[in-house]
There are 2 protein chains.
Amino acid sequence: MNRKVSLKDIAQRVGVSTTLVSYVLNNQKENRIKKEVAQKIREVAQELNYRTNQIAKSLKTRKTATLGLIVADIANPFSSSLARIIEDEASRHDYTVIFGSSDENPQKSRKLIDTLLKRQVDGLIIAPPQEAESQIADLQRQHVPFVLIDRYFPDLKTSYVALDNCAVAYSAVDHLIAQGYRRIGLITLQSSLYHMNERKRGYLASLKDHSLTLDKSWLKEVPEEQVKAETEKAIGDLLAGPQPVEALFFTNNTVALHGLKHIQSLRLHVPDDLAIVCFDETDALDLFSTPVTCIRQPLREIGQQATKILLENIDKTSKITQVNLQAELVIRQSTAQAVQRLVH
Amino acid sequence: MNRKVSLKDIAQRVGVSTTLVSYVLNNQKENRIKKEVAQKIREVAQELNYRTNQIAKSLKTRKTATLGLIVADIANPFSSSLARIIEDEASRHDYTVIFGSSDENPQKSRKLIDTLLKRQVDGLIIAPPQEAESQIADLQRQHVPFVLIDRYFPDLKTSYVALDNCAVAYSAVDHLIAQGYRRIGLITLQSSLYHMNERKRGYLASLKDHSLTLDKSWLKEVPEEQVKAETEKAIGDLLAGPQPVEALFFTNNTVALHGLKHIQSLRLHVPDDLAIVCFDETDALDLFSTPVTCIRQPLREIGQQATKILLENIDKTSKITQVNLQAELVIRQSTAQAVQRLVH
């Protein structure tokens, strides 16, 4: 049982007024209070393990020094690495972080936002799921300070920190083409989210700019709910028939993980049988038999910038800050020059 | 700017007293208030986006419906998977979770505990770092409800949910011996923590029970700060000389990850050149060329039990509950029967 020590408890123990205790512990009116009395009050406070009640304080200041963080799933390495960076940044400014996972579900995200606001967080950092546009618009109308990360809604004028997803997807496909690959498949999550569409757009734009005809069956969108089975099926489809794809671009770390496991179980040789590019640099990639070319997101910068923008918005008048960061294509063995092939 | 709407704002807008607004929004004295007035108050509250102030409420109830969670590092998959489970459990009971990473540093952990208590969390779930015994004893003296997870201090009588680490380490080494391996190395983190010592104890006990002489140089303890370089060096040492080890037991997921990467870069064949057992089942293991035998911790049960015990302690008189769970040895290809070897 956590019976918290109050100013009154200390006052009674010392035999002074509660007001006097409050003055001493808040370092007010120091020169009007006897040193011995102040000393005694501090001793008793320590003895009783008195802690400043941040809640009482926050009612006065209307600040709780707490940030709310909504990620897709804290168990995904992208989310947890970002959470770690935001935690560190927030802590440097004496803020703590309350977090929740939306599971890409707009109902869950709405409930989370509501819960966090009831806890009077000073602001929110949100990776919004699909169909969350109206909740974000609501926050804006209510003048809640917030920053979107990873995803945003182009029709809403909000602060965000995100990648130029189209550009980096373009450069990944560009690289595959430069390495001699022509039949390039893409496996992505079925999603209406802007950032996922941008990755698709980059892929299509690169093929087009190199005048490569696109076989529409090369573009596979797998539903989140059956991501493992559907990724495996997509790979099977892309490798079947007389003209299998020569290279694969996974635009999400979950799809990549299941995809690579399946490629391994099929005993395909990367890159000779199939070249690979993945979105996100995760620990798992390090143990794949061939070092994997991947898109490294600037996680530290995303987390730091988002925290910085949010803290500014909490302190001052709201200002919209939109940051588009560049991601890096890290080239490894999985996209080595294509061996000379028979022209089909 | 987040100017929060108060009861007074609503009262002024409707032209009634603040008390009346409070009655209506807290569903009190319903039959004494005119329906039309109550209706009007609710409409204005909604219009102004009034949210119950949980903070004001918590000053009355002395409850915040918030749990504090201290993990070693939220970016480690063990911590983040556990955090996800605790988040889900807490949410089922309308609790939110504030978290922090201690980085295995007792100063940081003390500061985190202090910060979380200032935020008036109702209780704490803590994976304590080394040398944190005195902080945990302090919490106990202050009657703060808490549960330790993963690690605990055998000299302190506190609630905890942990593994029987010695038993599962014993069974892992037992399995290696049954498969025909005799020279078995162990790589662990340098740590005074009880759970890490228990894993070492299980290893030594199994060797002893099988009357295998232990070469002390087979037991490598690497410092956390240089975990990559030191793990690589340890593997080099264990494989050098005329009598290299035939099997390796990694007692921690970070050591395992760096170790497997190095084994891969050395192009060793698992299990023919070296058999492997790892602590923790992480996604990364799935992409290693040989399926890896590992110790699967019952994460869901750890998270659920810890949350349950904590919520009970918050609600009722404190009761010490100590849970020791069994972990499962998941046997895969990396510990297949040793091929017939020359007797050295």
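## Close-up views of a predicted model

**View 1. The loop around Ala327(A).** Ala327(A) lies in the loop joining β11 (322–325) and β12 (328–330) of chain A; strands (E, at least two residues) and helices (H or I, at least four) are DSSP runs numbered from the N terminus. With a relative accessible area of 16%, Ala327(A) is buried (under 20%, 1.4 Å probe, protein chains only). Leu163(A) is 164 residues away in sequence, yet the C-alpha atoms are 6.6 Å apart. Beyond neighbours within four places in sequence, Ala327(A) contacts Leu163(A), Val168(A), Ile295(A), Arg296(A), Gln297(A) and Pro298(A) (heavy atoms within 4.5 Å).

This is a predicted model: local features need pLDDT of at least 70 and side-chain atom pairs pLDDT 80 or more, while totals for chains, interfaces and linings use all residues. Residues are numbered from 1 along each chain as its sequence is written, chains are lettered from A and ligands numbered from 1 in written order, and side-chain values use heavy atoms, without hydrogens or water.

**View 2. Helices α2 and α3 of chain B.** Helix α2(B) (18–25) packs on α3(B) (35–47) at about 85 degrees, axes 10 Å apart (lines fitted to C-alpha atoms over the stretch in contact; angles from 0 to 180 degrees between N-to-C directions). The pair is therefore roughly perpendicular (65 to 115 degrees). Leu20(B), Val21(B), Val24(B) and Leu25(B) of α2(B) meet Val37(B), Ala38(B), Ile41(B), Arg42(B) and Ala45(B) of α3(B).

**View 3. Domains of chain A.** Domain 1 spans 7–52, domain 2 62–163 + 299–325, and domain 3 165–298 + 329–335; the bounds come from an automatic or database domain assignment. The centres of domains 1 and 3 of chain A, taken over C-alpha atoms, are 65 Å apart.

How values were computed. Angles under 35 degrees count as roughly parallel, over 145 as roughly antiparallel, 65 to 115 as roughly perpendicular and the rest as oblique. Buried means under 20% relative accessible area, exposed over 50%, partly exposed in between (1.4 Å probe, protein chains only).
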